[in-house]
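Subject: Handover of a structure

Dear colleague,

Please find below the structure that I am handing over to you. My notes on what was found in it follow directly after.

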Amino acid sequence: MEDYKFLFKVVLVGNAGVGKTCLVRRFTQGLFPPGQGATIGVDFMIKTVEVDGEKVKLQIWDTAGQERFRSITQSYYRSAHALILVYDISCQPTFDCLPDWLREIEEYANNKVLRILVGNKTDREDREIPRHIGEDFAQRHGMYFLETSAKEAENVERLFMEIAVELMEQAKCKELPKYDGSLGPINGKTTSVGDSGCCLRS
Amino acid sequence: MSFVKCCFESGEGHDFLDSFVQKCTDPGCCCGCCSALRPRYKRLVDNIFPASPQDGLVKSNMEKLTFYSLSSPEKLDRIGEYLFQKASRDIYRRRHGFVIIAMEAMDQLLLACHSQTLNLFVESFLKMVQKLLESTDPQLQILATQSFVRFANIEEDTPSYHRRYDFFVSKFSAMCHSNHSDAATRDKIRLAGIQGLQGVIRKTVSDDLVENIWEAQHMDKIVPSLLYNMQTAEKYETVSCMETDTRDGAEESPPRLAEACLRELVGRASFGHIRSVLRPVLTHFDRHELWVPNDFAVHTFKIIMFSIQAQYSYSVVEALMQHLDAAGPGASDPRSRTRVRAARAAVLSNIVAIAAGDSVGPSVLEIINNLLTNLRASVARDSEKETDEKLYQEALINALGEFADHLPDFQKIDIMMFIISKVPSSQRGKSTKADAMLQTILLKSLLKVGTTYKTTELSKAFPAAFLEALLRVSGASEPGTRALLQRILHTLLDRHSNAPLLHTPTVDYAELGLTVEKCSRQDLIFVSKHGYAIFSSLYDGLQLESNTLENVEAIYTTLALLCIELASEETVCDILQLILAVQQSALSNPVLSVAGQCQLQAVVVSLTALLPHVMPLMKLDDYIRKIIDSRSSEAPHLLPPLRREYPQLAPADMPSSLPYLMIDQMAVCECLKASGVESARLQAASPYAGGATLSLAHRHSWVEAGAAQGRDSLADITAGPVLEPDSANSSPGVQRHPMQAESVSLEALRRAAGGPTEAEKREAERRKATLNNAFRTAPFQHLREITQPKYEIKDKLEEIFNSISEEPLLPASGSCSPGGQTKSYQQHVPAYTKYFPELFLY
């Protein structure tokens, strides 16, 4: 039912095969699809969570990691409230690409966007990037950091919940108009933090 | 019932109750027990739902609801809101049957509504659509899209300021990329996505008050989504017409629908918006590496060109041209980059023709200039011989040709003038390799444009400035460049498609089946004005040491075409004069190799043999047949076909030792007279002595300029080449003319019998010409060598110059001839003073 107070757009980015789709699936559907094929373009999921007794709707856009879809995925950064940058802890190249991703985010996303660095696949034995390296990187670039495992459902819930909490706090201190059942924003328009800011950027 | 109704219909209690009931959304509370207390619209809405979803919408009750909403439209927003709430609940509980029914009801209400009241309802309608799109069930998503499309097709007349579509654009684009495991479902979702995008476009494009669909954030989603679907088609059939709907199954496969949608989008784009469509297109091709191979790119750009509003089509060309050099993702590898560039240029050449029809004015030259700039950049890059770079240049030249092909003829001339003005002049100073290459490339482009031009009148095909520029290039130092230039002349001269037949010299014209037409008045005026410049440049072209077989043949073709195109009694003399001069030069020009001499002789005989075929000159035909026959028995190397190498010739077989096999000027005169052609001009000595061997560039351009500007002679005295017979006799090392008295040919004897004095007089003149020629054509060193041992050259020259300066005062000798002859005199005086300034220093 349409009784959520906030709607936030979350976009997942990162190299192909780091487990973006699996994270989303785990969170929204509670399952881990084993033979998940590569995402094409963009995928979309929705999940409503409760924070402090208030319902928060998360619109999750799961982007393709493949280079060739980069142009279309970039167009989704702009309206995002939170960007989850994912790498694979057992695959050094996915970590090495992070600066490139940050550059893209700088270029295309709203500058006030909440950025979270996620090292996925902690269930893997063959870890290549130690936790502190990721933490350092996140700290240096002013990002939140979390290590997750979509397979073991470790930290996945926490990841999205923290995003919801953080975004809600942001929204609350800015006192932006909230969604309210009968008068609320119309059709496709979402109540959002920094929505006006991102429009100006275009 | 009626009591309750009247209670609700009147008074304030209504609102109170209404809001009270609204709060109580749980059906369990209200459904059974207090349905009588619920507002009427809620009861009507509740009633349209059957007990079991399989039964479908309750039609009769739906009619009631429709009637109600029409009679009291102010209730529409509440009806919509209520329906939406019900449907949300059903989605949450996964009762999809009821959701479908709710959506159907909303659709029906939407269609039934009057447009003025629509706005009230649309909000909840779109919320409903969004809700359905948010679900993961493909069936609901497709359903939502269908409803949305229906809505999009309704024309609203009230503005909707606050409506935004960014979610729809995002979601529909995501659907276009669906990767559902089941292929059939996947296609359905993708189709729905495309339809949805189409709907958004329709809805927003005509309404300025809603979202600007052309903004980058939308176009970056819409355009790649459409392209992604189009590129999955197995084969690309480009249909030029706009009516895509006429094709079967346009609604069934994602690629086709995507194509139709792209057409619609491009077709609706105004000038300012074209760029925002093109930019994502170009980026998409870069990202997906669709330039090589470029089938799809060609397909897409053709679609764009066909659907774009015609007046904007050149902006597509412009955009693509600017993108030619842009770096793609694989920019690190220069090789692949060149390949991509070549592929882009190929796309360009494919679409440029479509734009040409509608281009006007400055945009045409803009495009041409841009192409030329790209060519120049490519030449500058081309340090190592890269085949891809070559392909790129080819493609650009093709593009140029294609473009020019579709322009009206008068613009083609402008373009050719424009191109030739860009050709670097290699004559002044030292030409670099890049310059020469650029020259070649530009000439190739010129040739391409030239081939598309259909010559009707020579004077229109060759405006004076253009002709001048062309002839200037004809003296280029590169043999390849010169050959190219001749080919340009061929294509511009050849009005009757004779050029392929005349590719190589021959004497048997009868079997070629040449098309000959009488030349027009305008052409005659043209040739009398510019003929000398052309002939003289061709003559010079034949005298060059660096000539290859190709050059000689090319000039032959040009001459042959001139013969055919300008066949008339007025011109035949000029042509014959040139032919004889060439024959003469083949004997006297010291820079020519033996092979070169033989080639020229063969060209001469071929050209002479051609004349009787374009004009009724029976005698000449007989005469030339005789020469050909005797040559074929005695000196086959003096007949076509031309060869690159001639076997070592015995001294007796050298052309200069076979004077009786040469074409004789007198005999030719006789033949012309016999055919009733005025041959007086032919009898005057040849004006073609502007040999091109010494300081070619300088001299050539001078002669050129004088001739092309058509400076007419002030003096009407005609003078042949001016050297006194004495001086000729005393000049050593100059070849004797073959037609000396000693020669024993039949003609010579006949002439001797006919009038010895007259013949001698002519011969003297001829000798003058020979000597003159020798001085003009032989290298300076050569002249010095042959003169030094015996004479004090200074004295000799003084003598010569004195004679020259006296010449104008002398009475006209020989026959009187107008036109070219007078010019030849004009050139003589400065010919020595200007061309041999070194001699004064000596």
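Chain A

In total, chain A has 7 helices and 6 strands. It consists of 202 residues, of which 47% count as buried. When contacts in chain A between residues at least 6 apart in sequence are considered, 72% of them join residues at least 24 apart.

One residue illustrates this chain in detail. A:Lys5 is located in the segment before β1 (6-14) of chain A. Is A:Lys5 buried or exposed? A:Lys5 has 21 other C-beta atoms within 10 Å, and because the cut-off for a buried residue is 20 or more, A:Lys5 counts as buried. Along the chain, A:Lys5 and A:Lys55 are 50 residues apart, yet a distance of 5.6 Å separates their C-alpha atoms.

The interface between the chains

Contacts between the two chains involve 25 residues of chain A and 37 residues of chain B. On the side of chain A that touches chain B, β2 (42-51) and α2 (70-77) of chain A each supply at least two residues. The largest share of that side comes from α2(A), with 5 residues.

The nonpolar core

The largest nonpolar core contains 266 residues, and those that touch the most other members are A:Ala82, A:Leu83 and B:Cys563. Helix α17 (residues 334-356) of chain B gives the most to this core, namely 12 residues. Domain 1 (269-453) and domain 2 (499-841) of chain B each provide at least three residues of the core. As for B:Cys563, its contacts, leaving aside neighbours within four places in sequence, are B:Ile575, B:Leu607, B:Leu610, B:Leu611 and B:Val614.

Around α30 of chain B

Within α30(B), the buried residues include B:Gln665, B:Met666, B:Ala667, B:Val668, B:Cys671 and B:Leu672. Just after this helix, B:Gly676 adopts a positive phi of about 80°. The loop between α30 (665-674) and α31 (680-683) of chain B holds B:Glu678.

Confidence in the model

The model as a whole scores ipTM 0.84 and pTM 0.69. For chain B, the average pLDDT is 74, and 70% of the residues score at least 70. Among the elements of chain B, the highest mean pLDDT, 92, belongs to helix α10 (residues 166-176), and the lowest, 38, to helix α32 (residues 696-708). Over residues 1-33 of chain B, pLDDT stays under 50, and the model has 18 contacts beyond four places in sequence for them. Residues 241-247 of chain B also have a pLDDT below 50, with 8 contacts in the model beyond near neighbours in sequence. Where pLDDT is low, the predicted coordinates should not be read in detail.

With kind regards

Notes:
Residues are numbered from 1 along each chain as its sequence is written. Chains are lettered from A and ligands numbered from 1 in the order in which they are written. This is a predicted model: local features need pLDDT of at least 70, side-chain atom pairs count only at pLDDT 80 or more; totals for chains, interfaces and linings use all residues. Two residues are in contact if their C-beta atoms, placed from the backbone, lie within 7 Å. Helices (H or I, at least four residues) and strands (E, at least two) are DSSP runs, numbered from the N terminus. A nonpolar core is a set of buried Ala, Val, Leu, Ile, Met, Phe, Trp, Tyr and Cys residues joined through C-beta atoms within 7 Å. A residue is buried if 20 or more other C-beta atoms lie within 10 Å of its own, exposed if 12 or fewer, and partly exposed in between; C-beta atoms are placed from the backbone. Domain bounds come from an automatic or database domain assignment. pLDDT is the predictor's confidence in each residue, from 0 to 100.
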